[in-house]
Amino acid sequence: MGKPNPILTGHSCAPDAAAAVSELRTQIYQPHMALIIFFCSSNYDLQQLTTAIHQHFPDECVVGCTTAGEIGPAGYLNHSLTGISFSATCCTAVVGHLDRLQSFDISYGRTFAQDLLRQLENTDAYTETNQNFGFLLIDGLSVREEPVTHALQDGLGRIRMVGGSAGDELNFEQTWIFVNGQFNPDSAALVLINTSLPFHLFKTQHFVSGHERMVVTEVDAKNRVVKEINGLPAAAEYARLVNVDPEQLTSDHFAAWPVVVMIDGTDFVRSIQHANPDGSLTFYCAIDEGVVLRVAHGENMFDKLTTTLETLEEQLEHIQGMLVCDCILRNLEAARDGSKAAISELLNQYNAVGFSTYGEQFGGVHINQTLTGIAFGEETVFGSETVFGKQIACGNKEDTND
């Protein structure tokens, strides 16, 4: 018999919260779990979900968030619960909670990340020969992803971080982060993991910028609202460039034709969330006045993702599990162009678990229209001995921005 897989994934489409958690547990339970990460539809009764998590995982470290769609063993899902568990035989983890993001202080965030890293390094199971990474889940309606992501990555230094912004089924009303045993608004959870598993942090996107310039001439930067482009109402000018009636603009158009900004020769996607009645555009990312944007057009998303995952498979020899944060606009595009089933099968093939997001994080940058993630290979073996971690240390105190 081979070694047990230290990463287990599962999902449930049961509409009842208690039944969904019970079904998920049967798929991801393993002795001595270091960490459980889940992703759930905001349609669930979150209090019932919380009660069920306490019942079925009373002693485990559990982190999660609400979504704009889930990704699990069946690929793209809706109105479901997906999750992944990591064995303490190969991982040690600590979790920190940032609350009150509206009053987030950058210097505090930097110190918060440094303190959490010291907490990880001080656990009994921490192994210097293992590698570390960070995974961030953050309120997708906080409009605070940029400063939080930048500050945390600055505090972590060379330890790289990826993550995603929580969603709520495209209702844009309230998103939730599950940490410290409860669902929290206006919050973020930072998970730091020390592991003997080989892994790669990655991102992939499939958009190429056009040539016509769009200069942002009036903006409400705090709320990510662009009022004017090229001195004209933003929605009307964008609609002109994509040859659509401004009154007919939908999420499908924003998914098909995002805008990009070039930084140091590299295009970064800045996706539009929705058009507003006053003719302005609300973005998923911060936009400053004077920024030059260009409408981008997509290449084949399935082909680009296939190439990315094949490369990761070759580098890791075998991908036994992936954590992925996939922009909701990619999900919408796949549904529109008919590639959703094929992409679902591809994600399933590479054992992906994750969610459709309101934004993604990679390093210290908040981005859109991108898939970010961590791909895990098999344990590193030296001779006949496998290098493992031993146990979990999970943050129990709620951190604040005092």
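Two salt bridges are found across the interface of domain 1 and domain 2. The model is predicted.

Where do the domains lie in the chain? The domain assignment gives domain 1 as 7-204 + 301-377 and domain 2 as 207-298. Their centres, taken over C-alpha atoms, are 28 Å apart. Domain 1 brings 17 residues to the contact, and domain 2 brings 19 residues.

The size of an interface is often given as the accessible area lost when the parts come together. Here the area buried between domain 1 and domain 2 is about 1,500 Å². Carbon and sulfur atoms give 58% of that area. On the side of domain 1, L329, N368 and Q369 lose the most area to domain 2. Together they make up 33% of what that side buries.

Polar contacts also link the domains. Eight residue pairs are in polar contact between domain 1 and domain 2, counting pairs with both residues at pLDDT 80 or more. Which elements of domain 1 supply at least two residues each to the side that touches domain 2? They are helix 4 (145-156), helix 8 and strand 25 (365-367). Helix 8 gives the most, with five residues.

An open sheet has six strands in the order 5-4-23-22-26-13, and its pairing is mixed. Strand 5 (75-77) and strand 13 (199-204) are the edge strands, each pairing on one side only. On average, neighbouring strands are turned by 15° against each other, direction ignored.

Strands of a sheet pair through backbone hydrogen bonds, either parallel or antiparallel. Strand 22 (residues 321-327) and strand 23 (residues 352-357) run parallel and are joined by six bridges. C325 has F355 in strand 23 as its bridge partner.

**Helices across the sheet**

Two helices lie across strands of this sheet, as the table shows.

| Helix | Lies across | Angle |
|---|---|---|
| Helix 8 (residues 328-337) | strand 5, strand 13, strand 22, strand 23, strand 26 (371-376) | about 85° to strand 22 |
| Helix 9 (residues 340-349) | strand 4 (70-72), strand 5, strand 23, strand 26 | about 115° to strand 5 |

Methods:
Residues are numbered from 1 along each chain as its sequence is written. This is a predicted model: local features need pLDDT of at least 70, side-chain atom pairs count only at pLDDT 80 or more; totals for chains, interfaces and linings use all residues. Side-chain values use heavy atoms; hydrogens and water are left out. Two strands pair if DSSP finds at least two bridges between them. Helices (H or I, at least four residues) and strands (E, at least two) are DSSP runs, numbered from the N terminus. Axes are lines fitted to C-alpha atoms, for helices over the stretch in contact, and angles run from 0 to 180 degrees between N-to-C directions. Contact means heavy atoms within 4.5 Å. Domain bounds come from an automatic or database domain assignment. Buried area is the accessible area (1.4 Å probe) that two parts lose on being put together, summed over both. A salt bridge is a side-chain nitrogen of Lys or Arg within 4 Å of a carboxyl oxygen of Asp or Glu. A polar contact is a pair of N or O atoms within 3.5 Å; within protein, one must be able to donate a hydrogen and the other to accept it, and residues adjacent in sequence count only if both atoms are side-chain atoms.
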